[in-house]
Amino acid sequence: MGNCLHRVEPSFSLDKNRSQFFLSDYNGNFSYEDNGSYEFPDDYSMDLAAPCHSCHLLDESSLPFFILTSVLGVLASGAVLFALLRPLFHWQICPGWPILAQLAVGSALFSTAVPILAPGLSNAHNSALCGLGYWVWYSSAFAQALIIGCYSCMKPKLGAGQIPSLTLRLTVGLWGVAALLGLPITFATDTHNGLCTLASSRGLGALKSTHAAICFTVFTLLPVGILVAKGLIKSLGMGPAPWVSILWVWYIFWLPHGVVLVFDTLVSSKVLLLPTCPAQQSLDITLHLAEALAMVHCVAAPMLLALLFHQTTHTSLPSPALLVRPSSHGDTTGVKS
């Protein structure tokens, strides 16, 4: 997956619109038209000014990975939705089935957006379609993260019969917030050489920074904050702590993406400076690996839902011993009489 032989555009530029910075005489003075003079030291190395080329892991050669992930994600999410919404399903044995169904819907929506953003489909890409793809991609992920976090916080305080009564308000609220959180990346997308990318316009820097901050907050700070709150509540004995279940494995797929994305934004905005070109290359590769890991969640999430559903139904069903015991007691009573 990926090809390091394809050279990418240099990231070192005078501004955001990719106008390149060439040095014709690096040992002398270099002047702009406004007579501003810049002197370079005598030991200045031309290697420092050379463009830094990164290896793209998610290029056209990774198209089979995108397609396979999308197909498996749709099939797995569809199977979970069918199991939860089938006509003969006894909903009382799994009171939290509306939450599981929403997570399955979010995973299915994400899976459908994967082919839209897949590289190698240059004929199918335009700005509007890329914006829609990124909006569905991140809005569905934000919704899943918020649902898991809210469900963890509310589960200890709610009885089994109270969860369905809050489903409608929870659904509208969380999905509405997730849709709004996905708007910044939607307006900051564009196409370049047939690929869906972030627009390079200088005026869209605020949208990119906002999107990175949202990802870091939802994918990283939210689960970490809930875990810290759980530890404090349990240590201080303040009451029921947030409920951490198998669904929390979901955050493992997205937490690196939130961290690396905000770090990459700080580097792009020159808040942080990387000392060497290999450091920049390592950051680019890490960013692509985090994106690939986040993509795989649409296959793993339905499996987590199926596992939680299996655990919930087996703990809700009465044991065979309890079913046999009353009948044997009734038979004994009848014999004695």
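Helices here are DSSP runs of H or I of at least four residues, numbered from the N terminus. The model is predicted, so local features need pLDDT of at least 70 and side-chain atom pairs count only at pLDDT 80 or more, while totals for chains, interfaces and linings use all residues. Residues are numbered from 1 along each chain as its sequence is written, and side-chain values use heavy atoms, without hydrogens and water.

**Stop one: the largest cavity**

Select Leu103, Gln144, Ile148, Leu247, Trp250, Ala301, Leu304 and Leu305. They line the largest cavity. A cavity is a set of points on a 1 Å grid over the protein atoms alone where a 1.4 Å probe fits but cannot get out; lining residues have an atom within 4 Å of a point. Its volume, the space filled by probe spheres set on the points, is about 50 Å³.

Now colour α9 (277-316) and α4 (127-154). Each gives the lining at least two residues. Which helix gives the largest share? It is α9, with three residues.

Colour by class next. The lining has seven nonpolar residues, one polar and no charged. Ala, Val, Leu, Ile, Met, Phe, Trp, Tyr, Cys and Pro count as nonpolar, Asp, Glu, Lys and Arg as charged, and the others, Gly among them, as polar.

**Stop two: α4 against α8**

Show side chains. In α4, Trp137, Tyr138, Ala141, Gln144, Ala145, Ile148 and Gly149 meet Trp250, Tyr251, Trp254 and His257 of α8, with heavy atoms within 4.5 Å. These contact residues are eight nonpolar, three polar and no charged.

Definitions and conventions
On a 1 Å grid over the protein atoms alone, a cavity is a set of points where a 1.4 Å probe fits but cannot get out, and a pocket is an open set with protein on both sides within 12 Å along at least five of seven lines; lining residues have an atom within 4 Å of a point.
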